[in-house]
Amino acid sequence: MATAVAAKVFKNFIDGEWVEPRNGKAYENRNPANTDELIGMFVSSTEEEVNQAVDAAKEAYKKWRLVPAPKRGEILFRAAELLVERKEEYAKDMTREMGKVLAEARGDVQEAIDMTYYMAGEGRRLFGQTTPSELPNKFAMSVRQSIGVCGLITPWNFPMAIPSWKIMPALICGNTVVIKPAQDTPLSVYHLVQALMEAGAPAGVVNIVSGSGSKVGVALTKHPQVPVISFTGSTAVGRVIAEACAPDFRHYSLEMGGKNIILVMEDANLDLAVDGAIWGGFGTTGQRCTAASRLGVHKAVYKEFVERFVERAKALRVGDGLDATTDVGPCINESQLKTVMEYVEIGKNEGAKLLTGGKRLQGGAYDKGWFHEPTIFGNCNPKMRIAQEEIFGPVVSVIPIENLEHGLEVANGVAYGLSASIYTRNVNRAFQATRDLYTGIVYVNAPTIGAETHLPFGGTKHTGNGHREAAIAAIDFYTEWKTIYMDYSDKLQRAQIDNS
Ligand code: UN1
């Protein structure tokens, strides 16, 4: 039975208004830790709603692009202040709709706060270059120009942080946005947008169209008035988006899967490495693109490390993220839980050694949610599917390694390249690893998770398509360079000819 609490009906947010869907029906958003709890009803929108939102964003763009960037920054700054005030409330709602433990939900809201302040500050920078011309009486510079309506498609695992990574840089650069939140976590996007609107973002600058990837996502990616698409999600969907964007040269940024490794060398501080492996592997129930789903452990410390790691994993308390004693929350939904269970079977069949976990948690309150035991497979061959494919759940594959060279080969021997880490006390090895790990992010003596908003975020190979989120890198994606030559000589000056 649905509880009466917050069974609120959310409409799409278009042109500054909550609008009745023209065609889309409502769907339920339930708490993954307790599916009796209905978080709210959201619109399963269709192409019609997308068109309406894009029209609004296109109209709003005409004025927004001309608002001085420092003024846009002031709006972002006020939005950040509101998020600070509401952090606890928004974090609790996030735990209810997504399942991650409250401390992590607070971190998620904090990441959105950090990004919003950071991009607010960018309003007074957005630097270009000025440089001497090769010709006399001529001036040269480059400036950033906004692009237009950005279609943003965001995932459920960082329900507020990742939307902020896309919305804030898009806005500060003078673009307008239509965002499609993940179906499982629209509420956190509504909260984020609420803060922006109260902070003074004009109508139409940010629009929300909720619903499925197959309807809303597809409609956005093929809309001729949406020149920019930013997507975070699976590699399979990213490929579809790339194909949809290619024919008319739409800009698209893809943040996709990961199969991140922690290398534990024989000289590592093992206590620290175990802490890192637990946090990296089971934080957010392993549902991070940056999760440490592989461990490469030097054979000299393999036995000892694995014993300690398994013991710690066994002690993790799985449950409702709002309960202060919970370490690991549920999987996001039934289908994700099934994927985890399928991979456990795959691992067993491949001959990996199940060291702990391996089962769905059942009985009592567990029956109302999508809980799975923290699971560790040992003695994995790096070519096994559980050591190659992204699982996105609480499953870690441990691979014995011979030495650093072997560890690096294993680390780089996957289709993805998001994050990697090495635990060692040898500075030479640390530098060699930072040089030779072919990933977008490398950590030394820290797990594979924990990126900060003022540094570029993203990955190589099948993780991304060469763009980065966060930091100045995001500004590069949401603007185009315009190079301006100002000739004040009053005569024709031919570059490369008259001055040679
Ligand atoms: C993700 O895993 O999808 O670095 C994003 C981290 C977080 C962001 C993760 N700051 O783990």
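This briefing describes the ligand site and the domain layout of the structure shown above. The model is predicted, so that local features need pLDDT of at least 70 and side-chain atom pairs count only at pLDDT 80 or more, while totals for chains, interfaces and linings use all residues. Residues are numbered from 1 along each chain as its sequence is written, and side-chain values use heavy atoms, with hydrogens and water left out.

**Ligand shell**
- Residues with a heavy atom within 4 Å of the ligand include E111, N157, F158, W165, R288, C289, T290 and F457.
- By class, this shell holds seven nonpolar, three polar and two charged residues, where Asp, Glu, Lys and Arg count as charged, Ala, Val, Leu, Ile, Met, Phe, Trp, Tyr, Cys and Pro as nonpolar, and the others, Gly among them, as polar.

**Polar contacts (N or O pairs within 3.5 Å)**
- The side chain of E111 places an N or O atom 3.0 Å from a nitrogen atom of the ligand.
- An oxygen atom of the ligand lies 3.0 Å from a polar side-chain atom of N157, and the side chain of R288 has an N or O atom 2.7 Å from an oxygen atom of the ligand.
- Of the 320 Å² of accessible area that the ligand has on its own, the protein covers 99%, as computed by the Shrake-Rupley method with a 1.4 Å probe.

**Domains**
- An automatic or database assignment divides the chain into domain 1 (9-256 + 464-483) and domain 2 (261-444), with centres over C-alpha atoms separated by 31 Å.
- In contact terms (heavy atoms within 4.5 Å), 23 residues of domain 1 meet 26 residues of domain 2.
- The ligand lies between the two domains because both give residues to its shell.

Conventions:
Polar contact = N/O pair within 3.5 Å; in protein donor to acceptor, adjacent residues only side chain to side chain.
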